[in-house]
Each structure stands twice: as C-alpha cells, then as structure tokens.
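Here are my notes on the model you sent. Please read them with the structure open.

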Amino acid sequence: MSRILITTDYLRPGDEVDRYLRAQGNTTVHAPLVGRRDPEHLAAALDGIDAALVANEPLTAEILSRARRLRVIVRTGVGHDSIDIAAAGKLGITVSNLPGVNANAVAEYTIGLLLAAARGLVHSAMGVQAGAWPRHDGRELRGATLGLLGYGAAARAVVPLAQAFGMRVLCTTGVPESLRTDPSVRFVDLPELLATADYLSVHTALTERTRGLLGASAFRRMKPTAVLVNTARGAIVDERALADAVRDGQIAAAALDVVSDEPLPTDSPLRNVDGIVVYSHLAGQTAEARADTGRKGAEELVAALAGRPRFLVNAHLLPHTHTGERTG
C-alpha cells in the first residue's frame, strides 16, 4: 500500500481518480493547490507520502530532499518546469508528465483568444458593464498570418483550426525536420516569425533557452499591429518589456493566459495597460480535458509505482540501477 498525495485542485475525494487509486490498494491524501502555498505547508503535506499527483506548484530540491519516502511524481499536465527534475533524479524519484493530454482544449482556447483580441471583445463587454456602448472596428482572422512559437501537440492542434478561419500558419521550432510533417505550415527562423506574424502564439516549453525569449528586442522586430498570445508559460515573456511595448505602440496587444507569478500580483507591470488582457490560466481547463487528465495521471502514477512509467521526463537523470525504489 502506498500513500498518495493529490494536489490538483479539481481532483476530489471520492471522484473517479480517487476511487481508482484506492481500488489499487493505495491511501489517498488531498491537499488541493489554490493560489500560492507556503513551502513549509507543501513539505508537511509530502511527509510520509510515496507518490504525488501534482498541480503546477514548485517542487524544489529542498522540498524534495525532505520528502524521504517520495519516489513517484506525476504532473497533471504537460509542463513540468515547476519540478526540479535534476534533484528528483538524484534522489531516485521518477517524474512523469502527460504529453498532449489537453492539446485540443489549449488549441480551441488559443483560437478564442485570437478572436477576442481581433474583435476587442473584452473591451466591449467591460464598456457595456460600465454603462457605455463602445463601438469600434475589429479585424478578421481571414488572411492574417499566425506565427506559432513551438510545434508541440497543442501547436499542431491549432493549425487546422486557424486554417479553417483562412489564416496562413508559420512556425519556429526546435523539433527535428523529420517531425515537421505538415506541408501546409511554413517553418521559418525566429526573426522572420517575429517580423511576419500578425498574431504570435506561444506554445514552447519553458527552458533556460526560452526564459525571457520574448523581450524588448523581440518586440521591436514585430509589427505595430501584431498581437501576442501566450498559453504556454509566463516566464517566456519579459513582462515589463511587454508592458512597455504595448504602451509605446511597438505591438498592438497581448492576450496572456499565463504569467510569471500566478495569481497575478497587484504590482505586476501588466496591470492597467490598455491592450493587455490577462486570463487566469484556463487554457487546459475543460471538463473533458480534466477528466482525461485525471484518469491518465492516475494510470501513470500506478504504472510508475510498479516500476513501469510510460512518460518519464527525467529518465536520463535517474541512477542507472533505478528499480523504482527511493535512493538516498
């Protein structure tokens, strides 16, 4: 029997995931992440835990070192930048994610942000709410160029949706050429993507290479009519540089589902900038995606506890003799 900590906020005691894990002979402990959590509270929650099904909260080297029984982490999503996978590997803790699990949800949401930005929907609704009746010309997506930064599952799912609106799609990616299988997408380098895109949609992972990738120099290359959309990770964008770029008219607008520090701090430079709309990290949050994510996350956790993880992100960092038992 293993003790399993579940921090993903939409997974509840007695739900399908909980029943599945308990049917496998495990004990579940729910400590949902809502907003920010004190690191000491997280360390306490991990005490005596063998495996964790986690939301996007920081699992640092220090936190992991104190979780003496922990040997499996499964992230209920795709991004795993909140987990120190190198530290986990040294400790013999397997870390898995769920690649592509919410790609359709993110793709549909991306198109929603494009439409909202193109037609100024948030500005209109807020104006009506305030007692006004704003009337302004929007823009059509048809004939516009969509630039995709990254070519993972979500970006690939965006392509046919954007093309259905009559958009032309360009992409900058590090994916090998052998995997760039869609002839309708033109693959270009980053400077051309920045200079050409009417809408730039971010879908790349957060790494040391991509952290702050979209900063002042990138915004200077973009069209003054361009719109930035980010459903990936907030830290890919230099937020102060973005606020300056929109305020100064270097680019037209930004629709951000993710920010560097969530929830958005009261002193964020993104606040009170006309043209910047921040949403509350909802891209993957559909009933369908949540059900699929919970189910697949639980299955991956059980497989990892049995020494048969399918979606490891730190296999290269684990001890060569790793057998599923915690080291150190």
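1. A crossing is left-handed if the near helix is turned anticlockwise from the far one by less than a right angle, and right-handed if clockwise. Helices (H or I, at least four residues) and strands (E, at least two) are DSSP runs, numbered from the N terminus.

2. On provenance: this is a predicted model, in which local features need pLDDT of at least 70, side-chain atom pairs count only at pLDDT 80 or more, and totals for chains, interfaces and linings use all residues. Residues are numbered from 1 along each chain as its sequence is written, and side-chain values use heavy atoms, with hydrogens and water left out.

3. Confidence. pLDDT is the predictor's confidence in each residue, from 0 to 100. The chain averages 95, and 97% of the residues score at least 70. Residues 323-328 fall below 50; beyond near neighbours in sequence, this stretch has 16 contacts in the model. Contact here means heavy atoms within 4.5 Å. Where pLDDT is low, the predicted coordinates should not be read in detail.

4. Two strands pair if DSSP finds at least two bridges between them. This open sheet of 5 strands runs E2-E1-E3-E4-E5, with parallel pairing. Its edge strands are E2 (27-30) and E5 (94-96), each pairing on one side only. On average, neighbouring strands of this sheet are turned by 15° against each other, direction ignored. Axes are lines fitted to C-alpha atoms, for helices over the stretch in contact, and angles run from 0 to 180 degrees between N-to-C directions. Strand E4 (residues 72-75) is joined to E5 by 3 bridges. Look for Val72 opposite Thr94 in E5.

5. The seven-stranded sheet. Here 7 strands form an open sheet, again with parallel pairing, in the order E8-E7-E6-E9-E10-E11-E12. E8 (186-187) and E12 stand at the edges with a single partner strand each, so one side of each has no neighbour in the sheet. Strands E6 (residues 145-149) and E7 (residues 168-172) run parallel and share 5 bridges. Leu148 stands opposite Cys171 in E7.

6. Helix H5 on the sheet. H5 lies across E6, E9 (199-202), E10 (227-230) and E11, and runs at about 150° to E10.

7. H5 against H7. H5 (residues 103-119) and H7 (residues 153-164) pack at about 50°, with axes 8 Å apart. They are therefore oblique to each other. Angles under 35 degrees count as roughly parallel, over 145 as roughly antiparallel, 65 to 115 as roughly perpendicular and the rest as oblique. The crossing is right-handed. Val106 and Ile111 are among the H5 residues in the contact, and Ala157 and Leu161 among those of H7.

8. H1 against H11. What is the angle between H1 and H11? H1 (residues 16-23) packs on H11 at about 20°, with axes 9 Å apart. The two are therefore roughly parallel. H1 passes H11 in a right-handed crossing. The contact includes Tyr20 and Leu21 of H1 and Arg295 and Ala298 of H11.

9. Backbone points to check. A cis peptide bond joins Glu262 and Pro263, with omega about -5°. Pro263 is in the loop between E11 (253-256) and E12 (276-278). Asn272 is found in the loop between E11 and E12. Asn272 has a positive phi of about 60°, although it is not a glycine. Asn272 is exposed (over 50% relative accessible area; buried is under 20%, partly exposed in between; 1.4 Å probe, protein chains only), at 79%. His281 also has a positive phi, near 50°. His281 lies in the loop between E12 and H11 (287-305) and is partly exposed, at 24%.
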